[in-house]
Structures are given as structure tokens and as C-alpha cells.
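Thanks for coming, everyone. Please have a look.

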Amino acid sequence: RARDKAARGVPVVVFFDEMESLFRTRGTGVSSDVETTVVPQLLAEIDGVEEMRNVIVIGASNREDMIDPAILRPGRLDVRIRIDRPDREASRQILGRYLTEDLPIHPDELAAAGSAGQAVQVMGEALLEALFSRSPETAVLEVHRRSGAIETWHLVDLVSGAMIASVVERAKAAAVKDALHAEVAESAELPGASDPEEWARVIGRGQRTDPVIALAPAPRKETR
């Protein structure tokens, strides 16, 4: 398909993610050795693509050492770009894609910061400080090496773009839950709420045969 599109002048990018799972070193015996047929086929395809001007082949892997060396030889996938875990500045840029001014920011945060832009900046810096500080609160793993050395790994040693995105998404979910609980609490103060069955009928949950006689806050379980 890449050849067909390239022949019509359409730029094509062929991207392989987790290359080590498909193009493992042949003869290792680690897997079912399906790579003994897959790797030669890929090599033949790449050799044919090399002459095309409109096709770029890119592969990504966390385990370069497991990829068959023939794929990484000059003329094939020979240009290597190492992407390390994001530092503080890179994390700030990633965070800027998820923590934006158009989010429904809490009024208290807006009042304290003065504007949505400033509130986003303050919250972002607070998150970065929590991620990149090395303290007992940010310790994640105690690592024992064969030599007997013991290391402590913190969040900063494991931070990634996916982690930053997940933190923001979880914060959004927590904010929605808080808003829902607040809405329920406010609704409970409506005039009709003094009569449980009347309140139940308002929300469509009342029953003549088995009326509601009392309301109490549901016990909330702690989640981690």
C-alpha cells in the first residue's frame, strides 16, 4: 500500500510500535521463533522502500537490544533517536496540552490566582513540584541490586507523558465527583426534601406500595 500511494506522490509514514515484539533477534528461542519468517520479510520490504522518496519507515521500542541487528544496519532503520523521560521543562510542555484555561476551574482557584491562565500556571507548578521533588512522600520503590546496593526510586525517576496525562484526567474525574456530591447535598436542602417520599417522587423514585420513610447519607468507602 505504501508503494502504491508513494507512486501517486502521496507521502507515507509506516510506523511500527514496540518493534521488539515483532522483530525479535532470530534464533533466540525466547518466543515461538515466528520472527524467522517475519524479520526477513520486513528486511525485503525495507530494501524495496529505500529507493522511494515518499516513504518513511519509523520504529519505536523500549528494548533496542532485543531487535534483530539486521534491521538496524546502515541503509535500513539506521538513524536512531533516543527519547529519554521528560525533564521538568518538557513535563511543563506536556502538561500544557492537558491542563488548559478552558477547563471549568474551581472558583476558589480563580479567586486566589486572579485569572484562569494564572490558576492553570499555579496548579501546573504545584504538580511539577510534587512530581520532581525527592522526598519520602514521592518515594515509590526500594530497589535491591545484586551487588547489595539499595536505591530508592522516586516519581521523578518514573515520570512520563502518559503519567502526566493520567494525573490530569484523574483530577478531572475527582472534580466531577465532588461537583456531583455538592449538587446532591444542595438538592437535599430543597423544601420538599423534608418529606422523604415526596422528594423521592420528585426524582422519579417514589413508590406507593413501598414509600420512602427516611433518608441518610450513604457510607463512602475510601479508595486508593
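This is a predicted model: local features need pLDDT of at least 70, side-chain atom pairs count only at pLDDT 80 or more; totals for chains, interfaces and linings use all residues.

Now the interior. The protein has 224 residues, and 21% of them count as buried.

Next, the layout. There are nine helices and four strands. In sequence order, the pattern reads α-β-α-α-β-α-α-α-β-β-α-α-α. What about contacts? Residues 24 or more positions apart account for 54% of them.

On to the pockets. Why roll a probe at all? Rolling a probe the size of a water molecule over the atoms shows where empty space is left.

The largest pocket holds about 1300 Å³ of space. Its lining counts 35 residues. Which ones lie nearest the centre? They are Gly 59, Ala 60, Ser 61, Ile 81 and Arg 82. Three elements each supply at least two lining residues: α2 (19-22), α3 (35-49) and β2 (55-59). The largest share comes from β2, with five residues. By class, this lining has 18 nonpolar, five polar and 12 charged residues.

Now the second largest pocket. Its volume is about 620 Å³. The lining here is 18 residues, and nearest the centre lie Pro 104, Met 123, Ala 171, Lys 172 and Ala 175. The elements giving two or more residues to this lining are α5 (107-113), α6 (116-132) and α8 (161-187). Which of the elements gives the most to the lining of the second largest pocket? That is α8, with eight residues. By class, the lining of the second largest pocket has 14 nonpolar residues, one polar and three charged.

Last stop, the aromatic rings. A pair of aromatic rings is described by the distance of the centres and the angle of the planes. How many aromatic pairs does the count come to? The count is one. The partners are Phe 16 and Phe 23. Their ring centres are 5.2 Å apart, and their planes meet at 85 degrees. Planes over 60 degrees apart count as edge-to-face, so the Phe 16 and Phe 23 pair is edge-to-face.

One more point on Phe 23. Is Phe 23 buried or exposed? The cut-off for buried is under 20% relative accessible area. Phe 23 has 3%, so Phe 23 is buried.

Note on methods: Residues are numbered from 1 along each chain as its sequence is written. Side-chain values use heavy atoms; hydrogens and water are left out. Buried means under 20% relative accessible area, exposed over 50%, partly exposed in between (1.4 Å probe, protein chains only). Contact means heavy atoms within 4.5 Å. On a 1 Å grid over the protein atoms alone, a cavity is a set of points where a 1.4 Å probe fits but cannot get out, and a pocket is an open set with protein on both sides within 12 Å along at least five of seven lines; lining residues have an atom within 4 Å of a point. Grid points are joined across faces, edges and corners, and a volume is the space filled by probe spheres set on the points. Ala, Val, Leu, Ile, Met, Phe, Trp, Tyr, Cys and Pro count as nonpolar, Asp, Glu, Lys and Arg as charged, and the others, Gly among them, as polar. Rings of Phe, Tyr and Trp (its six-membered ring) pair if their centres lie within 6.5 Å; planes under 30 degrees apart count as stacked, over 60 as edge-to-face and the rest as tilted.
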